[in-house]
Amino acid sequence: MQAEGRFTLDKSRAMFERITKSIAGGESSYARLKKGLELCFDRGQGSRFWDVDGHEYIDYSLGYGPLIFGHNPPEVTAAVVEAITTRGSVATFPYDLDYEVGEQLVQMVPGVDLVRFANSGTEATMAAARLARAYTGRNKIVQMEGGYHGFSDTHYWSSHPDVYSDNPAPYSPEPRPGSRGIPPSYGEALLIAQYNDRENMEMLFDRYGDDIAAVLVEPIQANSGLIPPEPGYLEFLRDITRQHGALLIFDEVITGFRVAPGGAQELYGVTPDITTMAKALGGGFPIAAFGGSEEVMSLEARNEVMHGGTYTANLVALAAANVVLRTMRERREELWGRLNAFGERICQGIGDACREAGLRNIVQGVGPIWHIFFAKPGAPDLDRIRNYRDALAYSSVEIFDRFHEQMLRRGVYFHPYHLERWFLSTAHDERDVQETLEAAAEAAEAVAAELRAEGKL
């Protein structure tokens, strides 16, 4: 936890200001910062990082999830250094790491018989959707409102729409672009569904089933906070896609190699036709992949569907992934025993601390991923968040922001956006858990005191 005294980010803000002189917006990914918190990174080790002002933080963002083993894991770093110094970085030809990583992926992920490598989750998802359309001969992809499948023109629709001010009418499957500059024509190839809503999905297939190529879904919706599937929902998606001749695509960019070594499909026992993977796969190095059944992936094997990239399957990223996957396979019981136990304790402890302080909340987690939703004044007493609209109706941005600031001052970092999620790494230990729960209790009391003083609680 931070030492007593005035908490300042003067050096971070000065550095950020300089960065903005050459980097548009001061950063190269839209989600890295929340304006007003221009925190700049100095170094990281294990479960912690330090900013340029010298503050130390327990890290629950972990680079948006890739750092499954924490910052600078020695075995991964050593493998990358060896690869660079002895072999190079990019080659024109395949090499042994292709099969070493590929064979491990096929062994670990239930829905993958064949795989192709990419550089980012966005690329992998674009390739998966193109493959589904090619295989089925159909045009439309169904996505979930509140989901995120990359920033491409083809998928960045209805990610976090302001559904109540923009469209107070009942739910509509019409997609909404998530950014300026996306041609409306791309939306014609999409349909938007509600996660965990079977009736809604049945309606879409009844109306558009002959032209639905695939349902693209995060098996655990992890871009609206953290929303687990209702019992039987993934099985329902598997059944309805098969009934209508469509494919099921699991976007496991976040959940892959994190909720279980084989991802959510291993955890829930539901096998998709195509899977996209990234983040934890590289342990901090940029690599992604998509794969699926041999029948579907045969189109890629025959080069009937265009996929490629200069940096795909580069030696550096594959060297990192090779160690990541081998470590997961060899130590799976030990690693996930700790990840799941610590995750459960933190979820329970944070929720209890906030309720004891008088802050209504819902904490939802699956193993080492979770999120806390703070109830806005007048929000209904829900027992769980089922989809994006629940999250939007329930969540108080103000209370979340205040809690985030108080936790930051106490040396605990998680992303400052109220619909992101927390990640746990294998580097987190008992000390981290204890300090996090102590900070949460203090932060919740501080927030509650502020709200009471302002007549808001």
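I will start with the sheet, move to a strand inside it, and end with a cavity.

First, the ground rules. This is a predicted model, where local features need pLDDT of at least 70 and side-chain atom pairs count only at pLDDT 80 or more, while totals for chains, interfaces and linings use all residues. Residues are numbered from 1 along each chain as its sequence is written, and side-chain values use heavy atoms, with hydrogens and water left out.

Now the sheet. Seven strands make an open sheet, ordered β4-β10-β9-β8-β7-β5-β6, with mixed pairing. Strands here are DSSP runs of E with at least two residues, helices are runs of H or I with at least four, and both are numbered from the N terminus. Two strands pair if DSSP finds at least two bridges between them.

On average, neighbouring strands are turned by 20° against each other, direction ignored. Axes are lines fitted to C-alpha atoms, for helices over the stretch in contact, and angles run from 0 to 180 degrees between N-to-C directions.

Next, β5. It runs parallel to β6, with four bridges, and parallel to β7, with three. Take I141. Its bridge partner in β7 is A214, and in β6 it stands opposite L190.

Is β5 buried or exposed? Five of its five residues are buried, meaning under 20% relative accessible area with a 1.4 Å probe, protein chains only. K140, V142 and M144 are on one side, I141 and Q143 on the other. In a regular strand, side chains alternate between the two faces of the sheet.

Over to β8 (residues 247-252). Four bridges join it in parallel to β9 (residues 274-277). E252 has M277 as its bridge partner in β9.

Both residues return in the lining of the second largest cavity, along with others including V109, F257 and T275. A cavity is a set of points on a 1 Å grid over the protein atoms alone where a 1.4 Å probe fits but cannot get out, and lining residues have an atom within 4 Å of a point. This cavity holds about 30 Å³ of space. α9 (263-268) and β9 each give two or more residues to its lining.

Key: Buried means under 20% relative accessible area, exposed over 50%, partly exposed in between (1.4 Å probe, protein chains only). On a 1 Å grid over the protein atoms alone, a cavity is a set of points where a 1.4 Å probe fits but cannot get out, and a pocket is an open set with protein on both sides within 12 Å along at least five of seven lines; lining residues have an atom within 4 Å of a point. Grid points are joined across faces, edges and corners, and a volume is the space filled by probe spheres set on the points.
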